[in-house]
Amino acid sequence: MTEQRFVDIETKLAHQEHLVLELNDVITKQQEKIMRLEALCDSIVERVRSLGEAAPAGSAEDEVPPHY
């Protein structure tokens, strides 16, 4: 192989290594965001459950009006 071909291969390899590092950073940030969103969803679900448990069963708002 010629010297120029080695240089071209090394250049391509350096670009690929740089791209892999950038993609890894993106994936890491996405995973952190996913974990935060999952925690937020879990807290929302817990809040909705606690509100459902706090509401009295068969409240006046749930009753059908007499003319039905």
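Tutor: A residue is called buried under 20% relative accessible area, exposed over 50%, and partly exposed in between (1.4 Å probe, protein chains only). By that scale Leu37 is partly exposed, with a relative accessible area of 46%. The model is predicted, so local features need pLDDT of at least 70 and side-chain atom pairs pLDDT 80 or more, while totals for chains, interfaces and linings use all residues. Residues are numbered from 1 along each chain as its sequence is written, and side-chain values use heavy atoms, with hydrogens and water left out.

Leu37 is located in helix H1. Helices (H or I, at least four residues) and strands (E, at least two) are DSSP runs, numbered from the N terminus; the protein chain has 1 helix and 0 strands. Together with Leu40, Ile44 and Val48, Leu37 makes a nonpolar surface patch of about 370 Å². Patch members have over 30% relative accessible area and no salt bridge; nonpolar side chains (Val, Leu, Ile, Met, Phe, Trp, Tyr) are joined within 5 Å, like charges within 9 Å. Areas come from the Shrake-Rupley method with a 1.4 Å probe, and for residues only the protein chains shown count as cover.

A salt bridge is a side-chain nitrogen of Lys or Arg within 4 Å of a carboxyl oxygen of Asp or Glu. The whole structure has 1, between the side chains of Glu46 and Arg49 (3.3 Å, N to O). Both residues lie in helix H1 (residues 3-54), 3 residues apart, about one turn of the helix.
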